[in-house]
Amino acid sequence: MKLKLASKIILATVLTIFALGSLATMTVFYYVHKSVLDVERENLLVLAKNSTLEIVRVLTDTKSVAETIVRQPEIKKYFDEPSVQDVDVLKLLYRYDINDRFSSIYVISRSGETLISTDPSFVGQNYSFREYFRNALAGNETVEVAVGVTSNELGYYIAVPVRNNNGDISGVLVLKLKAEIINSLVNVSGLSNSGHVMLVDDHGIVTYSDKSERTYKSLGSLDPLERKEIEKLKKYPNRNIIALDYGFVLEKIREKKKAGVLDIYDKIDSNQEILAYSQVGDYPFYLIFEEENKNFSLSAFRISFILGLFVFISAILAAIIIVITARRFLRPMNKILKFLRDISSGNVGKKIDIKTGDELEELSDVFNEMSDKIKEAKENIEKKVEQRTKELEKFNNLMVGRELRMIELKEEINDLKKKMEKKTLKGWTDRFGTGLNYEEEVIRDLESVYVYKIEASSLSNEKKVKIKKLLDRLIRESKKHNEIFKKLVKKHASQR
Amino acid sequence: MQASDKQLIKYFRELYNIEKGARDLYNDFLAELRDEKEIVQIRKIRDDEEKHMKIVEQIIEIISSKS
């Protein structure tokens, strides 16, 4: 399919705009999307870190409370003569249970037996299997999360050693902070509607999530030894711990990373997600914030869509402008085209009138000059052809006349010769002289008339060459005969 | 065949007649010559004229041919 020049220009321009515009749009989308994601990653990490601060404060305050309690003289001397549910010590403990924040505050002996507790159901229970007990007995203040074997309630256990006046560890004080106190501090206001949060322990087990079905699930698969340890410590008794698909985060926790951001593909939710995790101070807990990428992709897509729309409108406008402009610029070209067609069909001497003030006007001036010269040359050739034709006709007539006359003369000579030969020949001198004349005439005719006739004929070159060769032979041999007759005439003339 | 070719053939037929006339003349010479040397020379010339007649016929054939 042939396209006009204007159509080709329009098509090329529009396609170029579309191609480059699409490339620009995709590039913008990529970089905007990348930038938006980078910003959101940073934001999510800051949110995670900031969200841990309040939890740290509460846990630290609780530890301070515990430290204050164990410094009281009632506690310090209690183990000198311990008694179950000692009234003075119990009063002391109740005093510190402000705002009903604690499930229980209790004192454990070195053997692990609970001697005093604000929750009477704890009294007589042995918690020597608890990690917090063993750590406190070793002199370390410990914060731990677990589900109570007695209460079957989740809580945060803050355990501190109880030292006597000699400084020896005589028992352990435990403050069990209600889980909801900590859970209420998890701030999800910075998340989108599709964002989620998880609070996990140092085994990666979820102790709190806005998606409740995640509670008591692990971030990733637990190896058998770890699972056994958790069961042994009775951290989450009667809970079936199933793995979620956040193994990458669990790895970071195991590597003791304090905070970070990960890009993951959540197979369960079938989403590309950003995860920010942060340790809660120095405590064995982590806060994990999760957001879906598509929330951020939307803004990048919006920007790219507007750009793409702009490209599309630009392409349409460009096409319109080019159509108008091209028609204006191509009009002189069409005039030139028509002019050249006239020249080629023999219509010389015509002129084109283009006044564009640019190269097209120069081109039209050159074409006009060319047309004048072609016309002049054509007229000259026609004159020459006419002249030459007249000359050839004249010459032809002359030659034909001469030839006819020559033929007449030859016939007359032949008659005369025959008559002379028979009546008046004076011997061989005359007879050989006749022969000589014959040959001379033949040579003359061949050289002047016949050769010319063949040259001027319309025969093919091949035929002309063949005939010329034969004529040359005739001329050559006739000349030989001529020489022989000359000698014979001379010989007989001398004998007379 | 073009008219000019026909004209050419006519000229060469004239030439043929001239050559033929020459041949006949030389035949007459041969009938009367006594000198052996001259007989040989004229016979040669006569034979050449016969060849010339054939050459002219050949030329006419070339002109008349289509290719």
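Predicted model: local features only at pLDDT ≥ 70, side-chain atom pairs only at ≥ 80, totals over all residues.
Local features need pLDDT of at least 70 and side-chain atom pairs count only at pLDDT 80 or more, while totals for chains, interfaces and linings use all residues. Residues are numbered from 1 along each chain as its sequence is written, chains are lettered from A and ligands numbered from 1 in the order in which they are written, and side-chain values use heavy atoms, without hydrogens and water.

Two packed helices are described by the angle between their axes and the distance between the axes. Helices are DSSP runs (H or I, at least four residues) numbered from the N terminus. Axes are lines fitted to C-alpha atoms over the stretch in contact, with angles from 0 to 180 degrees between N-to-C directions. Within chain A, helix α1 (residues 5–71) and helix α3 (residues 87–96) pack at about 155°, with axes 11 Å apart. That angle makes α1(A) roughly antiparallel to α3(A) (over 145 degrees; under 35 counts as roughly parallel). Their crossing is right-handed, meaning that the near helix is turned clockwise from the far one by less than a right angle, anticlockwise being left-handed. In contact (heavy atoms within 4.5 Å) are A:Val65, A:Thr68 and A:Ile69 of α1(A) with A:Leu92, A:Leu93 and A:Tyr96 of α3(A). These comprise 5 nonpolar, 1 polar and no charged residues (nonpolar: Ala, Val, Leu, Ile, Met, Phe, Trp, Tyr, Cys and Pro; charged: Asp, Glu, Lys and Arg; polar: the others, Gly among them).

Between the chains, helix α11 (residues 461–495) of chain A and helix α1 (residues 3–32) of chain B have axes that come within 14 Å and cross at roughly 30°. α11(A) is therefore roughly parallel to α1(B), and the crossing is left-handed. A:Ile467, A:Leu471, A:Leu474 and A:Phe485 meet B:Phe12, B:Leu15, B:Tyr26 and B:Phe29; the contact has 8 nonpolar, no polar and no charged residues. α11(A) also packs with helix α2 (residues 36–64) of chain B, at about 160° with axes 10 Å apart. These two helices are therefore roughly antiparallel, in a left-handed crossing. Their contact has 14 nonpolar, 6 polar and 9 charged residues.

The second largest pocket has a volume of about 290 Å³. α9 (359–423) and α10 (428–456) of chain A and α1 of chain B each supply at least two lining residues. The largest share, 4 residues, comes from α1(B). The lining includes A:Asn396, A:Tyr452, A:Lys453, B:Ser4, B:Gln7, B:Leu8 and B:Tyr11. By class, the lining has 6 nonpolar, 5 polar and 1 charged. A pocket here is an open set of points on a 1 Å grid over the protein atoms alone, where a 1.4 Å probe fits, with protein on both sides within 12 Å along at least five of seven lines; lining residues have an atom within 4 Å of a point. Its volume is the space filled by probe spheres set on the points, which are joined across faces, edges and corners.

Note on methods
Parallel < 35°, antiparallel > 145°, perpendicular 65-115°, else oblique.
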